[in-house]
Structure formats: structure tokens, C-alpha cells
Amino acid sequence: MKLKHALLIILLVLIIDQWSKIYIKTHFVLNEAVTVFSWFQIYFVENEGAAWGTKIPGEYGKLILTLFRIVAVIGIRYWLIAAVKKQQSNILILCISLILAGALGNIIDSVFYGVIFDHSYDNVATLFSNNPYGTFLHGKVVDMFYFPLIDTTFPSWFPKWGGMRFRFFEPVFNVADAAISVSVMLMIIFSKKVFKN
């Protein structure tokens, strides 16, 4: 696969990712949900941290996380260029492209959303607001896809968790997260082709 094809994949994923996030942010109030199917909802949440809302504690935790993401993207970019130059498998180049697109998509939120949107509490956010909710490098990542495939309560006789609610699949994610997850699954499925050297 040529570099221009990889860049096209990255651009396409970024456009879909950012369009979906901007649409959700400017049409939904925080924590608003629309049920599409019993097992799928569009559910607007914001993530201040890394995967599954994991945060780095302290005053500079968000800044450290954002800067780490930027450094990681630079490394992934070099990985992509090297894979193309070495004419490695198309699946590997596709996977690296998806990872890079996903990482870039979430970095855009972290870097810019705090200065271009106002908050989404009890109102729909305004794009290019005069009263932004955050600062440069301190934006929140927009998530919206929620798949509560199983939503039940453990029976009372069940040891330890009896009567407690059980939900699977709990995380809420976005197009960027999906691109990264798909690339990891492809690498596992096609590991012999991807890592043949």
C-alpha cells in the first residue's frame, strides 16, 4: 500500500470521527441518550482521561496525558512511514493508519475542544463559543456509542454480587476508539501476515 492510500484512510476516519463528535456536541445535552435498538444507544458523555475515563491524578494530569498522546502520534507516524518504505503487508499499513487516525481524532478533542466549545451541562454546546469550557490542551473527548448488550441484575442467591446490577458492554466510545479497536483485532486475526518478519 502506498503512503497516499494510508493518508486517505486516515483523512476519511478523521472526517467521520470529527463530524460525529461535533454533531453530538451541538445537538445533545451531556448524558442525553437516544435508544436506537435495545442493545444500542447514542449516549453523549465526555471523557477527561484516557481509555474508560482513566485519569492521571493531579493538577497537570490532563496536560501530561495530552502531551503523551501527541508524542505517541509522532511515533506512530514514523512507524507508518517506515512500514510503507519497507513495503510491509497492506494489513499492517491499514492497521497503523487506523491507529494513527484514532489517536489523532482523540487528540483533536483534547487539544482544541476546550477552547472552541462551551460546556454541555443542561444545554447544547455552541461551536466557536465566546465562553469556552476549558483551555488549550485541556479539552474533553466526546464519546457516543453505547452497546448495553446485557443489562440485568444478578439473582439474590448469587454469591457476592447477588442483587447487584450487571451490564455488558459498559464503555461508551467514538469513531476514533473504534478505529483503534478494529486495528488491534485485525492485527490479532492476521498476526501471521502482519508480523511475518
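Predicted model: local features only at pLDDT ≥ 70, side-chain atom pairs only at ≥ 80, totals over all residues.
Helix 2 covers residues 61–85, which makes 25 residues. At 1.5 Å a residue the helix should span 36 Å, and the distance of 36 Å between its end C-alpha atoms agrees with that. Its buried residues are Gly61, Lys62, Leu65, Thr66, Arg69, Val73, Ile76, Leu80, Ala83 and Val84. An α-helix has 3.6 residues a turn, so residues three or four places apart point the same way. The cover over the buried residues of helix 2 includes helix 1 (3–27), helix 3 (90–116) and strand 3 (141–146).

Ser110 belongs to helix 3. Its relative accessibility is 0%, so Ser110 counts as buried, the cut-off being under 20%. Beyond its neighbours within four places in sequence, Ser110 touches Lys62, Thr66 and Arg69, as well as Leu137, His138, Gly139 and Val141. Lys62, Thr66 and Arg69 are also among the buried residues of helix 2.

Most residues other than glycine have a negative phi, and most peptide bonds are trans.

| Residue | Phi | Relative accessibility |
|---|---|---|
| Gln87 | about 55 degrees | 70% |
| Phe128 | near 55 degrees | 61% |

Phe128 sits in the loop between helix 3 and strand 3. Gln87 counts as exposed, and Phe128 counts as exposed too.

The peptide bond from Phe168 to Phe169 is cis, with omega near 20 degrees. Phe169 lies in the loop between strand 5 (165–168) and strand 6 (172–173).

Note on methods:
Residues numbered from 1 in each chain as written. Heavy atoms only, no water. Helix = DSSP H or I, 4+ residues; strand = E, 2+ residues; numbered from the N terminus. Expected span 1.5 Å × (residues − 1). Buried < 20%, exposed > 50% of the residue type's maximum accessible area, 1.4 Å probe, protein only. Contact = heavy atoms within 4.5 Å.
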